[in-house]
Amino acid sequence: MITFVQAQNSIDYTVKEWERAKAFTKEYLEAMPDSGYGFKPTAEMRSFAEQMLHLSDANYGFGSAATGEKNPYNMGELEKTTDKSKANVTKIVLASYDFLIDGIKKMTPAQLNEKIKLFGRFDLTRAQVLEKDFEHQTHQRGQTTVYLRLEGVKPPQEKLF
């Protein structure tokens, strides 16, 4: 019998969860009209596009640390992308999920339990790094629910399964 913790530390389970997260995020990207990608609820906040690009930066940063795959970007680089069109942001965001998912698929279950020092500061297993990124992307995507509502768009239905 497989316990919940063992299931969480399996490659197949991890990939399945990240594929679900990618599909859910894609629904958010598709729901926001082109004109809403520059929308900021307040002047101090990120635009919808910047919020999604921030999520992408983290997927690459955390994903690289967890999987050992080389991050093709410098941390924070994607959020500063000048082309913040719906088409370009969608392409970048979905590619960040693909980078992460492809990296996880190359891992072994034993690697998920290896300890690493995240960002030179935090002692975590590779699985824990992936969990931190999952939490981060969920939080960032969740914030964009308000952006959609303020733009008069109904957010996508929850995708827990």
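## Helix α6 and the residue after it

In this predicted model, helix α6 is followed by Gly-152, a residue whose phi is positive, near 80°. The helix itself covers residues 126–150, and its 25 residues, at 1.5 Å a residue, should span 36 Å; the C-alpha atoms at its ends are 37 Å apart, which agrees with that expectation.

Helix α3 takes in residues 48–67, and the 20 residues it contains should span 28 Å at 1.5 Å a residue, a value with which the separation of 28 Å between its end C-alpha atoms agrees. Of these 20 residues, 19 are buried, so α3 is largely enclosed by the rest of the structure. Just after this helix comes Gly-68, which takes a positive phi of about 85°.

## Asp-83 in the loop between α3 and α4

The loop between α3 and α4, the latter being residues 86–105, holds Asp-83. With a relative accessibility of 37%, this residue counts as partly exposed, because that value falls between the 20% under which a residue is buried and the 50% over which a residue is exposed.

When its neighbours within four places in sequence are left aside, Asp-83 is in contact with Asn-88 and Val-89. Arg-121 lies 38 residues from Asp-83 in sequence, and the C-alpha atoms of Asp-83 and Arg-121 are 33 Å apart in space.

## The chain as a whole

The chain contains 6 helices and 2 strands, and from the N terminus on, its elements follow the order α-α-α-α-α-β-β-α. The radius of gyration is 16 Å, close to the 15 Å that the globule rule gives for 161 residues, so the chain is as compact as a globular protein of that length. Taken along the principal axes, the box filled by the C-alpha atoms is roughly 45 × 35 × 25 Å.

Buried residues account for 48% of the 161 residues in the chain.

## Surface and charge

The chain exposes about 8700 Å², and carbon and sulfur atoms supply 54% of that area. As for charged side chains, the chain has 22 positive and 22 negative ones, and the centres of the two sets lie 1 Å apart.

Conventions. Residues numbered from 1 in each chain as written. Predicted model: local features only at pLDDT ≥ 70, side-chain atom pairs only at ≥ 80, totals over all residues. Heavy atoms only, no water. Helix = DSSP H or I, 4+ residues; strand = E, 2+ residues; numbered from the N terminus. Rg over C-alpha atoms; globule rule 2.2 N^0.38 Å. Buried < 20%, exposed > 50% of the residue type's maximum accessible area, 1.4 Å probe, protein only. Areas by Shrake-Rupley, 256 points an atom, 1.4 Å probe, with all protein chains shown as cover. Lys, Arg positive; Asp, Glu negative; His and termini not counted. Charge placed at Lys NZ, Arg CZ, Asp CG, Glu CD. Expected span 1.5 Å × (residues − 1). Contact = heavy atoms within 4.5 Å.
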